[in-house]
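Dear colleague,

I am passing on the structure we spoke about, with some notes on what was found in it. Please keep it open beside you while you read.

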Amino acid sequence: MPTVSFTPALQRFLRVPELRVEGATVGAALAAAFAERPELRGYILDDQGGLRRHVNVYIGSEPVRDRAGLSDALHPDDALYVFQALTGG
Amino acid sequence: MVERLYVGTRKGLFELAPRSGAAGGGWDIAAAHFLGEPVSAVLADGDRLYAALDLGHFGAKLWRRDGISGEWRELPAPVFPARPADAGDDPHPWSLGKIWVIEKGGVEGRLWAGTMPGGLFRTDDGGQSWSFNDALWRMPERRRWGGVAGGEQPGIDSVLVDPRDPADIRLGVSTGGVWASQDSGGSWAVINRGMYAEYMPPELAGEPIAQDVHRLARCAADPDIVWCQHHNGVFRSQDGGSAWHELTAIRPSKFGFAVAAHPHDPLRAWFVPAVKDERRIPVDAKLVVARTSDGGQSFDVLTRGLPQRHAYDIVWRHALAVDASGERLAFGSTTGGVWTSPDGGESWHALDARLPPIAVVRFADE
């Protein structure tokens with residue numbers, strides 16, 4: 001099962017531990033994380049369901065390519081990292 | 001109600017309390033909330049306090065505190081609906097930029113939130129859930145609303161709910177004119193006449209939606225009286241925001257962002273003029289408040305207690321406030337100064353603090 005971990009910058013609003021989630025795509029994995037913590041969604045995604053402009057998500061060391069559709073594939077041993085982008089500071 | 005003055009800044013919300021034993025109405029900082037986070041709107045509704053955050057990375061958020069010693073808890077933020085296929089070439093994003101203003105709706109639990117990029121939202125349960133005002137967003141003129149300086153998105157900067165009828169609402173849009181609904185937001189029309197836009201070609205200068213309405217303020221006791229600080233002038237309406245006439249007597253300049261209306265006296269209002277958009281500093285680097293007491297025929301330039309040399313403070317549109325008595329005033333500046341007046345603006349006291357840039361100032365009792 002992929003893991004999803006969240007930037008420490010988020011922890012001042014929501015305390016979110018690293019999660020193990022089902023999901024064959026970035027979107028599915030995030031949706032599984034949001035199912036556990038619904039309030040997390042609005043911090044990561046914009047109103048149309050794409051990644052917020054100043055949020056970055058990596059699969060291992062690679063940034064996700066499909067920021068709007070979240071269709072990048074995940075493997076069971078992948079680690080998903082959610083960071084704040086420096087641009088939004 | 002506990003006496004409080006709330007100051008929302010780029011790096012937190014500051015809660016001010018009257019200084020005990022101080023003559024002349026000084027205030028001190030009693031508490032700081034959300035330190036480090038940008039605060040874009042504040043509203044006190046009885047002892048309940050709402051604060052909107054504009055987080056650089058994580059979007060617009062909304063929090064509520066019940067009671068002066070209550071804990072803050074996060075509420076669901078307003079959310080735009082899914083962008084439909086027929087949105088076509090809509091120039092504005094269907095996603096909440098920031099919550100720019102929150103106002104009481106005149107009905108228990110009801111609030112209106114004006115946002116960038118121009119969406120209007122309503123709650124009837126104290127912010128637990130929000131509904132998007134589709135009727136306004138679907139007006140064809142909305143797509144021609146222009147962006148606010150410093151950002152490409154338009155914004156609803158003012159929401160005036162008629163104290164006589166909560167279904168009767170006026171909106172100020174920057175840039176998009178004055179909008180009215182008389183059925184609680186079920187239908188809308190742009191209503192302003194008599195304003196002009198110096199920044200448009202001559203044939204478009206009088207166009208209602210070209211008007212950059214920086215801020216509207218209405219006299220609570222005489223709600224047909226509405227004041228406007230516009231991008232290139234100050235205006236007054238005697239019919240709830242339809243017909244406007246310019247107040248050319250304003251001094252020392254006609255540019256500014258903020259206006260406050262006296263809650264009982266329809267002839268009295270306050271502005272904080274500045275040099276126009278080319279420079280955005282106080283005229284001659286002197287920070288002043290302009291007050292009219294005769295409906296705008298003449299203005300007093302109030303200076304006592306305000307810095308009169310090397311002051312570069314600009315007062316944003318939500319950062320000038322008057323309380324329910326009409327006597328106590330407060331404003332905060334882009335350079336983090338806060339000044340309060342106990343006497344209708346005759347004299348001012350500087351808060352002994354240098355705060356972050358200030359977006360919003362509100363009294364608990366307004």
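B:L204 counts as partly exposed because its relative accessibility is 33%, where partly exposed lies between buried, under 20% relative accessible area, and exposed, over 50% (1.4 Å probe, protein chains only). This residue sits in the loop between β15 (189-190) and β16 (213-218) of chain B, helices (H or I, at least four residues) and strands (E, at least two) being DSSP runs numbered from the N terminus. Together with B:Y199 and B:M200, B:L204 forms a nonpolar patch on the surface, with about 220 Å² of accessible area in total; such a patch joins nonpolar side chains (Val, Leu, Ile, Met, Phe, Trp, Tyr) within 5 Å, from residues with over 30% relative accessible area and no salt bridge, and the areas come from the Shrake-Rupley method with a 1.4 Å probe, only the protein chains shown counting as cover for residues.

Please bear in mind that this is a predicted model, in which local features need pLDDT of at least 70 and side-chain atom pairs count only at pLDDT 80 or more, while totals for chains, interfaces and linings use all residues. Residues are numbered from 1 along each chain as its sequence is written, chains are lettered from A and ligands numbered from 1 in the order in which they are written, and side-chain values use heavy atoms, with hydrogens and water left out.

Turning to the interface, 17 residues of chain A and 19 residues of chain B take part in the contact, which means heavy atoms within 4.5 Å. About 1,400 Å² is buried between the two chains, 52% of it from carbon and sulfur atoms, buried area being the accessible area (1.4 Å probe) that two parts lose on being put together, summed over both. On the chain A side, A:Y43, A:D47 and A:Q48 lose the most area to chain B, together 42% of what that side buries. One salt bridge is counted between the chains, that is, a side-chain nitrogen of Lys or Arg within 4 Å of a carboxyl oxygen of Asp or Glu; it pairs A:R12 with B:E37, whose closest N and O atoms are 2.4 Å apart.

Over all chains there are 25 salt bridges. Within chain B, B:R4 and B:E15 form one at 2.9 Å between the closest N and O atoms, and both residues are buried. In another, B:D86 meets B:R138 at 3.9 Å, N to O; here B:D86 counts as exposed because its relative accessibility is 53%, whereas B:R138 is partly exposed at 45%.

With best wishes

Definitions and conventions: Patches are made of residues with over 30% relative accessible area and no salt bridge: like charges are joined within 9 Å, nonpolar side chains (Val, Leu, Ile, Met, Phe, Trp, Tyr) within 5 Å.
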